[in-house]
Structure formats: C-alpha cells, structure tokens
Amino acid sequence: MSRIQGGIFQQDNARPHTVAVSQRARQGVDILPWPARSPDLSPIEHVWDIIGRQLKHHPLPAQTVPVLTAQVQQAWNSIPQSDIRHLYDTMHARLQACIQNSGDYTGY
C-alpha cells in the first residue's frame, strides 16, 4: 500500500475494519483514534443514507447487480446539489457537536 503524504485515515472500529486482513492492509497508515460506535460524521455516509432511503422506496426492487447499479446511479444523480452543499456547510458544526458531546450522539 502506498503512503499518502500527510494523510490520516479514520475508521470506526466496525467489525469489517477490525478483522486481521483489514488490519494488515493498513499497516504503516496513520489512523485517527476514533471511539467505537461514534456518530458518522463523514458526509458520504449521509449521502449513502439518502440513496438507501430512495432505493428502499423504489417501486421495483433490484433483482440483479446491473439493475441495482442503475438504480444507485439514478438515486445518486437525483440528489439535489443543495443537499450536498448542506452536508459540506454543516461539517464544522457536526464536528463541534461531536467534540462537545465527547464522541456521543449528536443529533446529526
């Protein structure tokens, strides 16, 4: 694995991140200390949540990978740019709330 100069990664101690193969893959990578079960502050996690909710209410649930891929792409494309901008603009407030609550639930 190549190093990203100055890069620090975060992982949330989810089971897939703690298995041996994951631990070996990130040897030599700086990891930000992060409490287990901490709130998801990453904007992309919120975007995936939006997509998941759209797929859950899709009139025709995907039965194949190509159909699922197309539905995810359609859901991604339908997210208003204002929603993405809101996630970006509230990042500082979400981080502050997390710090204030000592890593506990923030309401975001």
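Trainee: What should I know about the model before I start?
Mentor: The model is predicted, so local features need pLDDT of at least 70 and side-chain atom pairs count only at pLDDT 80 or more, while totals for chains, interfaces and linings use all residues. Residues are numbered from 1 along each chain as its sequence is written, and side-chain values use heavy atoms, with hydrogens and water left out.

Trainee: How many salt bridges does the structure hold?
Mentor: There are 2 salt bridges, a salt bridge being a side-chain nitrogen of Lys or Arg within 4 Å of a carboxyl oxygen of Asp or Glu.

Trainee: Which side chain does arginine 53 meet?
Mentor: Arginine 53 meets aspartate 49, with 2.9 Å from N to O, and both lie in helix H3, 4 residues apart, about one turn of the helix; helices here are DSSP runs (H or I, at least four residues), numbered from the N terminus.

Trainee: And arginine 85?
Mentor: Arginine 85 forms a salt bridge with aspartate 89, where the closest N and O atoms are 3.4 Å apart, and these two residues are 4 residues apart in helix H5 (residues 81-89), about one helical turn.

Trainee: Is arginine 85 buried, exposed or partly exposed?
Mentor: Arginine 85 is partly exposed because its relative accessibility is 44%; buried means under 20% relative accessible area, exposed over 50%, and partly exposed in between, with a 1.4 Å probe and protein chains only.

Trainee: New topic, where is tryptophan 76?
Mentor: Tryptophan 76 is found in helix H4 (residues 65-78), and at 40% relative accessibility tryptophan 76 counts as partly exposed.
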